[in-house]
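Hi,

Here's the structure I said I'd pass along.

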Amino acid sequence: MHSAFDDIDHQLSLSNDTRHTQSLKSYRNSLTPVSRLPHILLTDIFILLQQSERTDNLFIHSPPPCLQISHVCRSWRDSALQCPLLWTDILFRPPEWTPIMLERSRTAPLRVGIQVEDHNLADDGFVSSVRLALSHIHHIRYLSIVLSNRFHDLGDLLSPLLTGSPDILKELVLSSPSIFPNYTYPSMESAPCLRRLLLKSCHINWHRVSSVGNLTSLVLKYIPISSKPSVEDILSVLQTMTQLEELTLTHAISGLPPSIRTLPPTDIPPIRLQHLLHLRLTGFVLDCANLMRHFVMPRCRHLTVNAVTYWHISEVALAVPPLANIISSSFSQLEKQESPYIASIIRPFGYCTEISARPFVADAEELSLFVILTWRASSQQDSVEISPGFGSLLSKMPLGRVVQFRASREYNAEDVDCDWFEVLPYLSRVESVVLSGNYAYDFANAFQNAQTMVVPSTPMADSIILPRLTYLTIKHAHFSFPLGDAELFSTLKRALTRRLELGWTVPNIALISCHITPQQLAVLNTLSLGPIDCTGEPETWGVGELDRDPSDEDDYSNDEEGWLSPISES
């Protein structure tokens, strides 16, 4: 083989005839191993390459795969031209390629993505190519029309949508920064295969939407006020969508009057969304709560509520009961399962809470649930804050199966947003607890109080508080904060002492980036299961000031026994 290549290369070096040179190159290419691949295998590789462009954007700054492949060699070009699936991502720039790709794709399902910018409407070639592509609506499987600006007249450009029948249309995206023209809808009643629908800034014909009963994904964003459905309307539509797996509503439903500060009475029965896995709601918190209270979602995996409040955190509390009911219905299927879980509650900033529970084993088939509640206060605020009661959300998680628990609050505030005394008795199997920031103080205080009482707060709780606790990690905490009886050091000392008095196990303790004096550390070392591991530069997220060792108050010459920076005791 190598001698054949050498001979051809030698002839190429001597050839001055263009046609002869081209013939030699074609012959040389035909001898390469890749040229002997079966046609069907070669086209499969081409299609995989085309799909990689869609998912990884590998060719965002280069020609699409179909053009690159068809210009490599004669053999590859022949294979590419005989593969209709390679030409289904229709190009509009340059517009001359649109009819070529439509011809080469034959009757294969098409992907049509149209980005309309201001200058496009003055380009006759672009307008003609878009109209030509949309006239093939009966062959389009994926259709996306995204407007970059507000256009008052798109009738000439998009009119083919009104006449064709979207027989195989599976996904439809209509998006605009302002109101989308009414007349650009394809007839969804004639789209039996439609599974995914995204409408942004669109007027909505709810009769048409309700006729698409096989949707698996419905995304509605920034719906004009005149088209926003009432709660009754959206529930009626959702009842027809028995296969729905994903629902996103962003400022898409009618709101309650601003003067209303509680959920109004309702006689609407709840609807069961049997297959819904992902729910994302954005809007005023009362409106979100008003909708959520009608949902039963036994298979929900991810729940996100991004809410705006008219007043302050007291209104956020109104969203907690509907969320708790959804969590409860989601985990109702776990009664006969015993797989261990990991659970957490995290407040990364003042107006966000993330709660999650997932199986300890990554590939387990059991339910994982992630709840994200984000809120933004409007200009009016109440003078009195009320705890939102996030503890009731936690208590609906499968805490009795949790072996690892994490609580992190990454900012300094005085409000208490979680009733830890309500949560702790459920954690009967937890072995490891990680506390960060403000939650360290609240958790430790409830930990100490619960052990003092030795009375379970719920019938299902264990009489021993955290009976299997083996590891306790505290991060970013100030052990001399807060002042008084609730001081973290004093609280933790009393809790560990009480466990020893009751004959309960005490945990190994690790401190990371905490402020603690040598004397405090020495005391805790006498109470923990083993030597306390204290590491990291002190960083308590704005809590407290650097304290001096009390022994230094009378002896200012000893400057070496102040705060402990990184230290490890063995």
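Helix α6 (residues 97-105) and helix α7 (residues 124-134) have axes that come within 9 Å of each other and cross at roughly 20°. With angles under 35 degrees counting as roughly parallel, that makes α6 roughly parallel to α7. The crossing of α6 past α7 is left-handed. On the α6 side the contact is made by T98, P99 and L102, and on the α7 side by S129, L132 and A133. Sorted by type, the residues of this contact are four nonpolar, two polar and no charged. Bear in mind that this is a predicted model.

Next, the loop between α7 and β2 (140-147), which is where H139 sits. Is H139 buried or exposed? H139 has 19% relative accessibility, and the cut-off for buried is under 20%, so H139 counts as buried. If you set aside its neighbours within four places in sequence, H139 is in contact with R106, T107, A108, P109, L110 and I168.

Then the cysteines. How many disulfides does a search of the whole structure find? It finds zero. C534, for one, is in no disulfide: the nearest cysteine sulfur belongs to C514 and is 6.7 Å away, whereas a disulfide needs the sulfur atoms within 2.5 Å. C534 is also buried, with a relative accessible area of 2%. C66 has 3% relative accessibility, so C66 counts as buried too.

That's it from me.

Cheers

How values were computed. Residues are numbered from 1 along each chain as its sequence is written. This is a predicted model: local features need pLDDT of at least 70, side-chain atom pairs count only at pLDDT 80 or more; totals for chains, interfaces and linings use all residues. Side-chain values use heavy atoms; hydrogens and water are left out. Axes are lines fitted to C-alpha atoms, for helices over the stretch in contact, and angles run from 0 to 180 degrees between N-to-C directions. Helices (H or I, at least four residues) and strands (E, at least two) are DSSP runs, numbered from the N terminus. Angles under 35 degrees count as roughly parallel, over 145 as roughly antiparallel, 65 to 115 as roughly perpendicular and the rest as oblique. A crossing is left-handed if the near helix is turned anticlockwise from the far one by less than a right angle, and right-handed if clockwise. Contact means heavy atoms within 4.5 Å. Ala, Val, Leu, Ile, Met, Phe, Trp, Tyr, Cys and Pro count as nonpolar, Asp, Glu, Lys and Arg as charged, and the others, Gly among them, as polar. Buried means under 20% relative accessible area, exposed over 50%, partly exposed in between (1.4 Å probe, protein chains only).
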